[in-house]
Amino acid sequence: MKLRIIATEDIRRLMPMARTIEIVKQALAQLSSGNADVPIRTQLDVTRHEGVTLFMPAYLNNTDQLGLKIVSVFPRNLEREIPTIHALITVVDAATGRPAAVMNGTYLTALRTGAVSGAATELLARSDASVVAIFGAGVQGRTQLEAVCEVRNITKVLVFDTNRASAQAYVEEMRERGGRIPRDVAVAASPREAVQAADVVCTTTTSNDPVFADAALAVGTHINAVGAFTPDTREIPEATVRRARLFVDSREACWAEAGDLIIPRDNGLISEDDIQAELGELVSGTKPGRSSDEEITLFKSVGNAVQDVAAAGQVFEQATELGLGTELEI
């Protein structure tokens, strides 16, 4: 059996952010229209090491793409000075069931997570949004900013991280990134400073508790909440969830996994009917998005395998055409 190994640099070459945003939009449209088979991901708690490993398969019917992502989130890795998240994606030939390729899922996870927030920002943020607040100065925080800048004319960025050195390193890197990312990138002294002037807020942390106060939010803010992915963790204050118009990547997955929504629901502050739409429904035009410049919109994502499989499928197809990657007989 031949298996193509695709390196991170090849993924970077083949998947610019603008293209990735369009791919995840169409993948989520397939999901929301019932044209994707995506079981709720299997979560394996590795309590001895305070980590979790997730197994995420998907089949996209319209594009005939099949695959599996394995992703681990081990927060204590920060003490070891290695990434918190590690992932691997396997592309499977949908016609034969033959594993066809494997690739670095860590970078692709960050890329597609940024891309889905870019899509949500494109569909839900005010058209004049120009200031972004980023919570979490890790890899996810970098791709979030890249994606938001791809769909809005961003002129100022504020980043907050509990580790100020990490936030400063983020600032120095992103100031020099170029492209659509502005040079006006600064460390926020507090969560309040980060959000009170922001038009778009992206939360990408591993925090168990809300990372900002509801009272600090400005009218008309759009929030992308992508960090918390378990029923007992949350980044967003209950008061914000209660007053925002709510959008998700998948209703089923969010009500199974998203503490940002589950906790206020269980406390009687919202109901499941308060979700206005899945992002795929906005893409297809079957549901409306923002209704005024004054409302707060909140997009909650726990991640969905359709995003990974669609992106990985495109990478594999192009890599095969261009002869990129290493083909091994195993």
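Trainee: Is Asp64 buried or exposed, or in between?
Mentor: Asp64 is partly exposed, with a relative accessible area of 42%. Buried means under 20% relative accessible area, exposed means over 50%, and partly exposed is in between, with a 1.4 Å probe and protein chains only. Before we go on: this is a predicted model, where local features need pLDDT of at least 70, side-chain atom pairs count only at pLDDT 80 or more, and totals for chains, interfaces and linings use all residues. Residues are numbered from 1 along each chain as its sequence is written, and side-chain values use heavy atoms, with hydrogens and water left out.

Trainee: Where does Asp64 sit?
Mentor: In the loop between strand E4 (51-60) and strand E5 (65-73). Helices (H or I, at least four residues) and strands (E, at least two) are DSSP runs, numbered from the N terminus.

Trainee: And what is the phi of Asp64?
Mentor: Near 55 degrees, a positive value in a residue other than glycine. Glu81 also has a positive phi, about 60 degrees, and is not a glycine.

Trainee: Where is Glu81, then?
Mentor: In the loop between helix H3 (77-80) and strand E6 (85-92). Glu81 is exposed, at 75% relative accessible area.

Trainee: Switching topic. How many disulfides?
Mentor: The count is zero. A disulfide is a pair of cysteine sulfur atoms within 2.5 Å.

Trainee: What about Cys254?
Mentor: The closest cysteine sulfur to that of Cys254 is in Cys202, at 16 Å, again too far for a bond. Cys254 is buried too, at 0% relative accessible area.

Trainee: What does Asn224 touch?
Mentor: Leaving out residues up to four places away in sequence, its contacts include Cys202, Ser117, Gln144, Val148 and Phe299. Contact means heavy atoms within 4.5 Å. Asn224 is in strand E12 (residues 222-225).

Trainee: Which side chains make polar contacts with Asn224?
Mentor: Thr121 at 3.0 Å, and His222 at 2.7 Å. A polar contact is a pair of N or O atoms within 3.5 Å; within protein, one must be able to donate a hydrogen and the other to accept it, and residues adjacent in sequence count only if both atoms are side-chain atoms.

Trainee: Is Asn224 buried or exposed?
Mentor: Buried, with a relative accessible area of 0%.

Trainee: Now Asp199. Where is it?
Mentor: In the loop between helix H7 (191-196) and strand E11 (200-203). Asp199 is buried, at 11% relative accessible area.

Trainee: What does the side chain of Asp199 reach?
Mentor: It makes a polar contact of 2.9 Å with the side chain of Arg126. It also reaches the backbone nitrogen of Ser130 at 2.8 Å. Beyond four places in sequence, Asp199 is in contact with residues including Ala129, Val131, Gly220 and His222.

Trainee: Let's do helices. How do H5 and H6 cross?
Mentor: Helix H5 (residues 139-151) and helix H6 (residues 164-175) have axes that come within 11 Å and cross at roughly 35 degrees. Axes are lines fitted to C-alpha atoms, for helices over the stretch in contact, and angles run from 0 to 180 degrees between N-to-C directions.

Trainee: Which residues make that contact?
Mentor: Gly141, Arg142 and Leu145 on H5, with Ala169, Tyr170, Glu173 and Met174 on H6. By class, that is four nonpolar, one polar and two charged residues. Ala, Val, Leu, Ile, Met, Phe, Trp, Tyr, Cys and Pro count as nonpolar, Asp, Glu, Lys and Arg as charged, and the others, Gly among them, as polar.

Trainee: What follows H6? Where is Gly178?
Mentor: Gly178 lies in the loop between H6 and strand E10 (185-187). Gly178 is partly exposed, at 32% relative accessibility. Its C-alpha atom is 9.9 Å from that of Glu146, 32 residues apart along the chain.

Trainee: Last one. What does Thr326 contact?
Mentor: Leu3, Arg4 and Ile5, leaving aside neighbours within four places in sequence. Thr326 lies in strand E16 (residues 326-329). Thr326 is partly exposed, at 43% relative accessibility.
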